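Morning, everyone. Let me put the model up, and then we'll walk through the ligand site and the pockets.

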Amino acid sequence: MPESPAVEIRGLVKRYGSRAVVDGLDLVADAGRVTAVLGPNGAGKTTTVECCEGLRSPDAGTVRVLGLDPLADARALRPRVGVMLQDGGLPTGVRALEMLEHVARLHARPRDVGELAERLGLGGFARTTVRRLSGGQRQRLALAAALVGRPELVFLDEPSAGMDPQSRRAVWELVRELRDEGTSVVLTTHLMDEAEDLADRVVVVDHGAVIAQGSVAGLVASGSDRTLRFTAPAPLDAAALGSLAEALSARPGAGAARAVRPAADGGDLDYVVTGDVDARTLADLTAWCAGRDLLLSRMTVGRRTLEDVFLDLTGRSLR
Ligand SMILES: Nc1ncnc2c1ncn2[C@@H]1O[C@H](COP(=O)(O)OP(=O)(O)OP(=O)(O)O)[C@@H](O)[C@H]1O
């Protein structure tokens, strides 16, 4: 019999006042896999995860975590599920290592506290009270607290937010190890590189609903797998972008229509062409520029990213 999903959400609705911030969301997170819930600020990621953690009660729909109801079966789930909240949720008056040791004692088969603290660069802060830790250090402590009990499933809400690159790498390595050990991981993020690096499956959420899902490779291959980026000598206004898109789409047999938009991950003069990019597209772009006496300072053909997928779907940037 196939293993039941770690998380199964059907038709989830959560309202604040009259506004549905989660609006009919369906999501399945497979056991033993890393599922990334990706979306812009305010998309409803945290609210969804909090419904899974038993911290919020849904207004409609069903949520099953390890086959159980997060509210009715909270006691049974507590030792099996690790939770890292976005704001840390840690008591501030206790020392870092003491807190971790306390959490470890609540579990039957905890990880080695010292080793875990060392892995996450917390060794030097063992005797510091939580209040005096930096934001990034608190994040790492919250992650350690979520993992110390060897849970079957962990929820990580923006696990590397506010961390320096070195700590981020340590967190990512730990998440990969968790997956290798068979732990199910559900993480929220608005960092594409985090989702691209870690996730077996990405669920893209916007306005409280899922707008796309699949493996990273599957999602980026769902349209053209290439993008053409260029740097213009001066900003291009909406009329220029429209004229360029038309020029790139006009050739007979040119395939799907192409769009041109400012690059979300670049500077003010960086633009991206999406759609079916081929050798002739480059020629069409340079011909359009030549007609306007515009000398591009850079032109590169690259791989489509999750950011491109998100922009294609919503017309908005993730950040
Ligand atoms: N307790 C609350 N009362 C009223 N509105 C809320 C409450 N909690 C969240 N919201 C609103 O619900 C929406 C979704 O919030 P949520 O935190 O789930 O989004 P998110 O995708 O996790 O965003 P972020 O990436 O910024 O954390 C936001 O507009 C937020 O302001």
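**Ligand shell and pockets**

A word on the source. This is a predicted model, where local features need pLDDT of at least 70, side-chain atom pairs count only at pLDDT 80 or more, and totals for chains, interfaces and linings use all residues. Residues are numbered from 1 along each chain as its sequence is written, and side-chain values use heavy atoms, with hydrogens and water left out.

Now the polar contacts, meaning pairs of N or O atoms within 3.5 Å. The side chain of Asn-41 places an N or O atom 3.0 Å from a ligand oxygen atom. Gly-44 uses a backbone N or O atom, 2.9 Å from an oxygen atom of the ligand. For Thr-46, an N or O atom in the side chain is 2.6 Å from a ligand oxygen atom. On its own, the ligand has 640 Å² of accessible area, and the protein covers 65% of that. The areas are Shrake-Rupley, with a 1.4 Å probe.

Helices are DSSP runs of H or I, at least four residues, and strands are E runs of at least two.

Next, the pockets. A pocket is an open set of points on a 1 Å grid over the protein atoms alone, where a 1.4 Å probe fits, with protein on both sides within 12 Å along at least five of seven lines; lining residues have an atom within 4 Å of a point.

The largest pocket holds about 750 Å³ of space. Its lining has 31 residues, and closest to the centre are Arg-78, Val-81, Gly-82, Val-83 and His-107. Which element gives the most to that lining? β5, with four residues. By class, the lining has 22 nonpolar, seven polar and two charged residues.

The second largest pocket has a volume of about 250 Å³. Its 17 lining residues include Glu-3, Glu-152, Gly-182, Thr-183 and Ser-184, which lie nearest its centre. Here the classes are five nonpolar, five polar and seven charged.

How values were computed
A polar contact is a pair of N or O atoms within 3.5 Å; within protein, one must be able to donate a hydrogen and the other to accept it, and residues adjacent in sequence count only if both atoms are side-chain atoms. Grid points are joined across faces, edges and corners, and a volume is the space filled by probe spheres set on the points. Ala, Val, Leu, Ile, Met, Phe, Trp, Tyr, Cys and Pro count as nonpolar, Asp, Glu, Lys and Arg as charged, and the others, Gly among them, as polar.
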